[in-house]
Amino acid sequence: MMWWKKRRAIVCEQAVRLMAGYLDGVLPDADRARLEAHLSGCPHCSEHLAQLRIAILAAGHVQPDDLPEEAVDDLVEVFRRWQQH
Amino acid sequence: MDDHALVARLRAGDEGAFVSLVRQHQPGLLRLAEAMVGSRAVAEEVVQDTWLAVCKGAAAFEGRSSLKTWIFTILVNRARSTASREHRTEPVDGDEYDGCFDSSGVWATPPIPWSEKVDDEIVARQFAKEVSKVLPSLPDAQQQVLLLRDVEGLPAAEVSTLLSISDGNQRVLLHRARCRIRQHLENSMGGEWS
């Protein structure tokens with residue numbers, strides 16, 4: 001008799017709900033294995049994950065807003081007043 | 001220069017150290033403050049108070065988190081108390097996958113495949129601008145988590161502590177924000193993918 005029971009495969013809806021944890025690297029091993037097994041046979045979920053990774057990459061490329069020199073000067077003024085305090 | 005050296009200079013009253021911190025963090029602080037208090041003018045006050053608190057508190061910085069996380073924590077606390085004074089409420093959030101799947105849990109409409117057509121240059125130039133455009137339309141809590149995690153690049157554990165939310169809650173908010181950005185990027189390209 002088999003002492004273990006094979007875990008059921010997951011469907012797409014379950015797969016996408018595991019992706020947040022997967023991207024953070026915090027999924028338990030069993031869930032990670034089930035998600036990876038699903039991804040290897042599902043081009044749609046693989047595409048969704050690839051698009052999420054592109055969204056993350058794009059957010060990482062957001063440029064800081066221009067910082068006007070007056071804003072820096074104003075803050076330096078605050079710093080000087082604080083020092084004299 | 002490392003965090004401790006910068007803080008040591010700040011404690012010694014070095015204006016150059018202060019300016020260097022301002023140049024590095026002011027845009028990110030302002031963006032997060034605005035996401036939390038909903039007004040540019042109020043956000044500017046919150047950020048100014050934050051800098052004062054950084055100067056006053058520099059002696060207490062112990063280096064248990066990065067200097068960046070420490071500064072953002074001060075900002076979040078100040079923005080929180082300001083926002084609660086102004087009674088801002090979070091709109092109720094739908095599920096990002098509503099209607100995406102049929103009753104058997106399979107994609108009702110499969111995703112349009114475009115990831116392979118995107119190269120690094122499109123991501124850096126065009127998509128990053130689209131992210132800036134869509135960010136203000138995200139619910140406040142999603143915006144805050146996305147700014148801290150994906151734009152500022154702070155670690156997950158530090159962001160949960162900083163925003164006083166559970167890791168699980170943070171992950172849900174982040175995932176929803178990323179899904180909205182993914183959708184916006186797709187829409188922004190119109191029919192170019194097909």
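User: Before we look at anything, how is the expected span of a helix worked out?

Analyst: The expected span of a helix is 1.5 Å times one less than its number of residues, and since this is a predicted model, that rule can be set against helix α1 of chain A, which covers residues 12-24.

User: So what does it give for α1(A)?

Analyst: The 13 residues of α1(A) should span 18 Å, and because the C-alpha atoms at its ends are 19 Å apart, the two values agree.

User: Where is the kink in α1(A) centred?

Analyst: The kink is centred on L18(A) and amounts to about 35 degrees; L18(A) is also one of the buried residues of α1(A).

User: Which others are buried there, and what do they pack against?

Analyst: Along with L18(A), the buried residues of this helix are C12(A), A15(A), V16(A), M19(A) and A20(A). The buried residues of α1(A) pack against α2 (29-41) and α3 (43-60) of chain A, and also against α8 (167-188) of chain B.

User: And what follows α1(A)?

Analyst: The helix is followed by G25(A), which has a positive phi, near 70 degrees.

User: Stepping back, what is chain A made of?

Analyst: Chain A has four helices and zero strands, so that its elements, read from the N terminus, run α-α-α-α.

User: Is it compact or spread out?

Analyst: Chain A is more spread out than a compact globule, because its radius of gyration is 24 Å, well over the 12 Å that the globule rule gives for 85 residues. Along the principal axes, the C-alpha atoms of chain A fill a box of roughly 80 × 30 × 15 Å, and 22% of the 85 residues of this chain count as buried.

User: How many residues does each chain bring to the contact?

Analyst: Chain A brings 35 residues to the contact and chain B brings 44. On the side of chain B that touches chain A, α2 (15-37), α3 (40-57), α5 (120-134), α6 (140-151) and α8 each supply at least two residues, with α2(B) giving the most, nine residues. By class, that side of chain B has 27 nonpolar, ten polar and seven charged residues.

User: Changing topic, what about S164(B), and is it buried or exposed?

Analyst: S164(B), found in the loop between α7 (156-163) and α8 of chain B, has a positive phi of about 50 degrees although it is not a glycine. S164(B) counts as exposed because it has 11 C-beta neighbours inside 10 Å, where the cut-off for exposed is 12 or fewer.

Technical notes: Residues are numbered from 1 along each chain as its sequence is written. Chains are lettered from A and ligands numbered from 1 in the order in which they are written. This is a predicted model: local features need pLDDT of at least 70, side-chain atom pairs count only at pLDDT 80 or more; totals for chains, interfaces and linings use all residues. The bend at a residue is the angle between axes fitted to the seven residues ending there and the seven starting there. A residue is buried if 20 or more other C-beta atoms lie within 10 Å of its own, exposed if 12 or fewer, and partly exposed in between; C-beta atoms are placed from the backbone. Two residues are in contact if their C-beta atoms, placed from the backbone, lie within 7 Å. Ala, Val, Leu, Ile, Met, Phe, Trp, Tyr, Cys and Pro count as nonpolar, Asp, Glu, Lys and Arg as charged, and the others, Gly among them, as polar. The radius of gyration is taken over C-alpha atoms; the globule rule is 2.2 Å times the number of residues to the power 0.38.
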